[in-house]
Structure formats: C-alpha cells, structure tokens
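Colleague: I am new to this structure and would be grateful for a guided discussion. May we proceed by question and answer?

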Amino acid sequence: MLNQFSRTQLLLGEEGMEKLFRARVAVFGIGGVGGYTVEALARSGIGTLDLIDDDRICLTNLNRQILATRKTVGQFKVDVAGQRILEINPNAVVHTYRTFYTPQTAGQFDFTQYDYIVDTIDTVSGKLELVEQAQRAGVPVISCMGAGNKMDPTAFEVADIYETSVCPLARVMRHELRKRGISHLKVVYSREPAMTPIEDMSISCRAHCICPPGTARKCTQRRQVPGSNAFVPPAAGLIIAGEVVKDLAAAGGAV
C-alpha cells in the first residue's frame, strides 16, 4: 500500500523497511550534525528514536541547525526535535533526555536496548565513554569527528578510526581508544585542514553572550568558539544517517 516511505521501500524492500520500523536508534547530540541525522532517520522510517542533549536553541544556531528558527530559539533541542519527528511520522516513538552526556551521566542509559548508537557530541570524554558503553552492550556505534571551521562538505569520508588522518579530534580519539583496547570504530571525518576562525569581538559569543537563561554550558566557557556554516555539518549528519539506515536495513533484524 502506498505510504510516506514508499519511495524508500523501492530501494530497501518491504523487509528492509520493517527492520527500520522495528529499530531503536539513540542520537547523542542534536546540534548541527545530529539534527540532520535525526531528520534523515525520521524520514527513513526508524521506528523509535532516543534524543539526548541538554542544550537550548540559540540565535547563532540559525546558520546551520535544522531545528533552529526564530520561533524555536530558547527551546530545548530535544523537545523541538521530538515534535518535528512526530510531525513527519506520527507512528514513531520518541524518547527525549535533557541530558549532557558525560561519564558521570552514562548510568542513566541502558545501552542494550538500542540497535544503533550515533555519537555527534563535542567532548572527547563523552565520546570515549559512549564508545565504551556501546562496545560493552554489543551495539554498533558511529561517531562524528570534527566538522567545525571547515568549508568543504565533499571532503567527508566514512572510515575506521585507525584509518583516519589530518583531523585533530580523530587523532586524539585514536590515541585514547588504543589505550582502552578498542580496535574498531566507524567514523565520519574530513581530511580538510581546519581553518582558524577570525577573532572579531564585535560578533563574538565571548563578548556578546546571548545564551537563553538557564543555559548550563555557555559559549563564554569554551576554549574556542568555532566557525561553521549551513552545508558542512549537515553533510556529515546526512552521511551518518545513511550509514545507520544501510546497516540496519541489511542486518538480520533489530536486537
């Protein structure tokens, strides 16, 4: 019967679509990359999505984040994403967590209930903890490396972390994962050298913080506020979603 996912079913078949509908995917980080991942997963027919992020939408997110509009500024990203998913697919199940994922908050999640884990968070400690938890639970995970301060969306590649180069975040992750005895991690990364953002205090979040009231982690606390744009983070997010969909549709079925 014709439905909103019919065009996708022409590529994946009925069995593939059923696997997606039965799958539960957790996306950690609903920003410039993760927001587009969530969008594509919802439009691909993923049945259950868990969204984890404690951040609110900021005016400076409008240049690149799909959830950011003038209307949504100040709202929690997971809340806006959850509403958007249900507007796309009312049959989806959405779990939202206003949580900043760290080793300290990892205990809030039962990783064995997921069929796939997406890492689009910013902190190295959180990324490492997420990968370790996924490995313990036997759940596939894909991790995004650096997407800020870059201009070429065509430079992204899918690779194992130990096959990456150039990206400073990937270098740190390789080193730390090796120390932890983790031998494999699928990542999306770019070999494009990062640009150095212009230091212009007239438009800097450091000098003109506009984070909504109640924001726990403000840009003024960052070591560097990265530059970004409307096409590089989305490209990474869509590539990640594509990998998740292909892997789940090809798998023997949801766990």
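Colleague: Which residues of H2 are buried?

Modeller: Please note that the model is a predicted one. Helix H2 covers residues 34–43. Nine of its 10 residues are buried, so H2 is largely enclosed by the rest of the structure. The buried residues are Gly34, Gly35, Tyr36, Thr37, Val38, Glu39, Ala40, Leu41 and Ala42.

Colleague: Against what do the buried residues of H2 pack?

Modeller: Packing here rests on contact, for which heavy atoms must lie within 4.5 Å. By that criterion, the partners of the buried H2 residues are S1, S2, H3, strand S4 (116–119) and helix H6 (232–250).

Colleague: Why is strand S2 largely enclosed by the rest of the structure?

Modeller: From S2, Thr48, Asp50 and Ile52 point one way, while Leu49 and Leu51 point the other way. Residues on both sides are buried. S2 is therefore largely enclosed, because five of its five residues, 48–52, are buried.

Colleague: Which residue in S3 does Asp50 stand opposite?

Modeller: S2 and strand S3 (residues 93–97) run parallel and are joined by five bridges. Within this pairing, the residue opposite Asp50 is His95.

Colleague: What unit do S1, H2 and S2 make?

Modeller: Strand S1 (residues 24–28) pairs with S2 in the parallel sense over five bridges, and Arg24 stands opposite Thr48 in S2. Together with H2, these two strands make a right-handed β-α-β unit.

Terms used
Residues are numbered from 1 along each chain as its sequence is written. This is a predicted model: local features need pLDDT of at least 70, side-chain atom pairs count only at pLDDT 80 or more; totals for chains, interfaces and linings use all residues. Side-chain values use heavy atoms; hydrogens and water are left out. Buried means under 20% relative accessible area, exposed over 50%, partly exposed in between (1.4 Å probe, protein chains only). Helices (H or I, at least four residues) and strands (E, at least two) are DSSP runs, numbered from the N terminus. Two strands pair if DSSP finds at least two bridges between them. A crossover is right-handed if, with the strands pointing away from the viewer, the path from the first strand over the helix to the second runs clockwise.
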